[in-house]
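Hello,

Here is the structure I promised to pass on to you. Please open it next to this email, and I will walk you through what turned up.

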Amino acid sequence: MITSLELRERHAEVWDAAVGHRFVDELGAGAVDDAVLARYLAQDALFLDAFVALLGAAVAAADRPGPRMVVARQLGLVAGDEDDYFARALARLGVEAPAEPLAPTAGFLALMDDARRSADYATTMTVLLVAEWLYLDWAQRLGDEPADWLYAEWIALHRGPAFAAWVDFLRAEVDRVGADEQAFARAVALELAFFDAAYG
């Protein structure tokens, strides 16, 4: 059975391109153009409902009570902290209406919906793993958070002991039940395309 680390190594070229993306560097410096950041966050906000639904699917599909409780607790955090950040950030950037999904966004929404409808715990956890682990990876490589809350809070949401423990849990579960490599590869490619799309 392939491990999560082996999967990341197999897809390292695309993974590393996403983690080391220009957008990440500019985010860490607090220097993303407002139009670029607005486009990125408006697109990312479109994931929230589908991501919550995917977490719910993982709760339903979990094969053991312990993991089910861990995912359920994370679902509550996402529905609170991230939803609040998006509301404040998009208001600050002057984004008033929901965005139309760009191609990478539509692709990732379809991937999450496919995983949710599959009711397959391994596939669901694989998609969750990429979405969370790749963000932890780029956030951990950044230095001190910028003074501006718009940047600092987004970075802080994706690193720190609690978020790292969540990713460790996802990795352990994927290692335990087996990964869906096709879903993993598709998710990593879409993450890179998502960063590219922020620049129009």
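This is a predicted model: local features need pLDDT of at least 70, side-chain atom pairs count only at pLDDT 80 or more; totals for chains, interfaces and linings use all residues.

Residues are numbered from 1 along each chain as its sequence is written, and side-chain values use heavy atoms, with hydrogens and water left out.

Now to the aromatic rings. A search of the whole structure gives 17 aromatic pairs (rings of Phe, Tyr and Trp, the last by its six-membered ring, pair if their centres lie within 6.5 Å; planes under 30 degrees apart are stacked, over 60 edge-to-face, and the rest tilted). One of them is the stacked pair of Y85 and W154, at 5.2 Å centre to centre with 25° between the planes. Y85 belongs to helix 6 (residues 65-92) and W154 to helix 9 (residues 149-156), so this pair ties together parts that are 69 residues apart in sequence. Helices here are DSSP runs (H or I, at least four residues), numbered from the N terminus. Both Y85 and W154 are buried. F86 and W154 also form an aromatic pair, this one tilted, with 5.4 Å centre to centre and 55° between the planes. Since F86 is in helix 6 and W154 in helix 9, the pair ties together parts that are 68 residues apart in sequence.

Next comes the nonpolar core. The largest one has 70 residues, and L37, Y40, L41 and W138 have the most contacts inside it (such a core is a set of buried Ala, Val, Leu, Ile, Met, Phe, Trp, Tyr and Cys residues joined through side-chain atoms within 4.5 Å). Helix 8 gives the largest share of this core, 13 residues. Leaving aside residues up to four places away in sequence, Y40 touches F23, Y135, W154, F194, F195 and A198 (contact means heavy atoms within 4.5 Å).

How many salt bridges are there? The count comes to 13, where a salt bridge is a side-chain nitrogen of Lys or Arg within 4 Å of a carboxyl oxygen of Asp or Glu. Here are some of them:

- D137 forms a salt bridge with R8, with the closest N and O atoms 3.1 Å apart. This pair links distant parts of the chain, D137 in helix 8 (residues 121-141) and R8 in helix 1 (residues 4-10), 129 residues apart. R8 is partly exposed, at 24% relative accessibility.
- R141 forms a salt bridge with D25, and their closest N and O atoms are 2.6 Å apart. R141 is in helix 8 and D25 in helix 3 (residues 22-28), 116 residues apart. R141 counts as partly exposed at 40%, and D25 counts as partly exposed at 41%.
- D114 and R186 meet through their side chains in a salt bridge of 3.4 Å, N to O. D114 lies in helix 7 (residues 103-118) and R186 in helix 11 (residues 181-197), so the pair ties together parts that are 72 residues apart in sequence. D114 is partly exposed at 35% relative accessibility, and R186 is partly exposed at 34%.

Best wishes, and enjoy exploring!

How values were computed:
Helices (H or I, at least four residues) and strands (E, at least two) are DSSP runs, numbered from the N terminus. Buried means under 20% relative accessible area, exposed over 50%, partly exposed in between (1.4 Å probe, protein chains only).
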